[in-house]
Amino acid sequence: MKAILLREIKSYFGSIIGYLVIAVFLIICSLYLWVFEGDYNILNSGFADMSPFFTIVPLVFIFLIPAVTMRSFSDEKKQGTLELLLTKPISLWQIVNGKFLGAFVVIVLALLPTVIYVYVLYLFGMPEGNIDLGSTIGSYFGVLFIVAAYSAIGVFTSTLSENQIVAFILSVFLCFIFYFGFDGLATYFPDFENTIASLGMNSHFKSMSRGVLDTRDVLYFLSLTIAFLSFTVFKLKSLKN
């Protein structure tokens, strides 16, 4: 698995892809949080609060993470190297985990510089340090779980087609459904609204954003991530056979 992981990271940063992902993410977030007028502008809100950042990040990642993962297996299939990869003396789980962790690491590297935002708000707080660190740390953990789930979904959809654009569109669709779709569906069933909403990522992410890491939220994201990684392994098994 380590060899696959290192190969993935090298492929991202051996070309412009990795740097472009990080740059695009930071530019979009910085513009909305500090430059553009609107509900997401932290300076105009008058509060030392990272909530606007954690509101836009899941939406940005719905498009950014599929752009990273769409090549995971699609490219292997298109170039005809997937058969060679599957014959290597490593398990399918190791191959899948290597691809998954490669995408996960790239996105985490894009997230790391945003800690500067927290430091700036810490300094700007009145008095200095007047920022809810518990909720901020909880939200960051929630974002990491979202990254894991999106990455697992993206890796899975990349096995469905050798066309990267198709893999990208399918991944965006599934990520959107799992983050926003269940909330929308819940409004049509008032009697089961909470139950249906709990099937989506948004409600669990909001729970983590309060600064409390509930085991139910953690288990939800872990289950969703493992489920899509399992789907990927099953798909590769069918291709191998």
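Lys99 lies over the face of Phe73, 5.3 Å from the ring centre; a charge is placed over a ring if NZ of Lys or CZ of Arg is within 6 Å of the ring centre and within 35 degrees of the ring normal. The structure is a predicted model, in which local features need pLDDT of at least 70 and side-chain atom pairs count only at pLDDT 80 or more, while totals for chains, interfaces and linings use all residues. Residues are numbered from 1 along each chain as its sequence is written, and side-chain values use heavy atoms, with hydrogens and water left out.

Lys99 also takes part in a salt bridge with Glu76, at 2.8 Å from N to O. A salt bridge here is a side-chain nitrogen of Lys or Arg within 4 Å of a carboxyl oxygen of Asp or Glu. Because Lys99 belongs to helix α7 (residues 92-111) and Glu76 to helix α5, the pair ties together parts that are 23 residues apart in sequence. Helices are DSSP runs (H or I, at least four residues), as are strands (E, at least two), and they are numbered from the N terminus. With a relative accessible area of 1%, Lys99 is buried, and Glu76 is buried too, at 7%. The word buried stands for under 20% relative accessible area, exposed for over 50%, and partly exposed for values in between (1.4 Å probe, protein chains only).

Glu76 has a further partner: the side chain of Arg7 meets that of Glu76 in a salt bridge of 2.4 Å, N to O. Arg7 sits in helix α1 (residues 2-13) and Glu76 in helix α5 (residues 74-79), so this pair ties together parts that are 69 residues apart in sequence. Arg7 has 37% relative accessibility and therefore counts as partly exposed.

Arg71 forms a salt bridge with Glu8, with 3.8 Å between the closest N and O atoms. Distant parts of the chain are linked in this way, since Arg71 is in the loop between α4 and α5 and Glu8 in helix α1, 63 residues apart. Both Arg71 and Glu8 are buried. Salt bridges with shared partners join Arg7, Glu8, Arg71, Glu76 and Lys99 into one network; the count of salt bridges comes to 5. Arg71 also lies over the face of Tyr12, at 5.2 Å from the ring centre.

Attention now turns to the aromatic rings. Rings of Phe, Tyr and Trp (its six-membered ring) pair if their centres lie within 6.5 Å, with planes under 30 degrees apart counted as stacked, over 60 as edge-to-face and the rest as tilted. The count by this rule is 19 aromatic pairs. In one of them, the ring centres of Phe53 and Tyr117 are 5.8 Å apart and the planes are at 75°, so the pair is edge-to-face. Phe53 is part of helix α4 (residues 51-69) and Tyr117 of helix α8, so the contact ties together parts that are 64 residues apart in sequence. Phe53 and Tyr117 are both buried. Tyr179 and Phe180 make a pair with centres 4.8 Å apart and planes at 75°, which is therefore edge-to-face. Here Tyr179 counts as buried at 5% relative accessibility, whereas Phe180 counts as partly exposed at 29%. Ring pairs also link Trp34, Phe53, Phe54, Tyr117 and Tyr140 into a cluster.

Helix α9 (residues 133-157) has 25 residues and reaches 36 Å from its first C-alpha to its last, close to the 36 Å expected at 1.5 Å a residue; the expected span is 1.5 Å times one less than the number of residues. This helix is mostly covered, as 20 of its 25 residues are buried.

A nonpolar patch on the surface includes Leu133, Ile137, Phe141 and Leu144, and its residues have about 940 Å² of accessible area together. Patches consist of residues with over 30% relative accessible area and no salt bridge, where like charges are joined within 9 Å and nonpolar side chains (Val, Leu, Ile, Met, Phe, Trp, Tyr) within 5 Å. Areas come from the Shrake-Rupley method with a 1.4 Å probe, and for residues only the protein chains shown count as cover. The elements giving two or more residues to the patch are α8 (115-124) and α9. Leu213, also among the patch residues, is located in the loop between α12 (201-209) and α13 (215-240) and counts as partly exposed at 43% relative accessibility.

Finally, Met208 is found in helix α12 and is buried, with a relative accessible area of 0%. The C-alpha atoms of Met208 and Gly142 are separated by 5.8 Å, although these residues are 66 residues apart along the chain.
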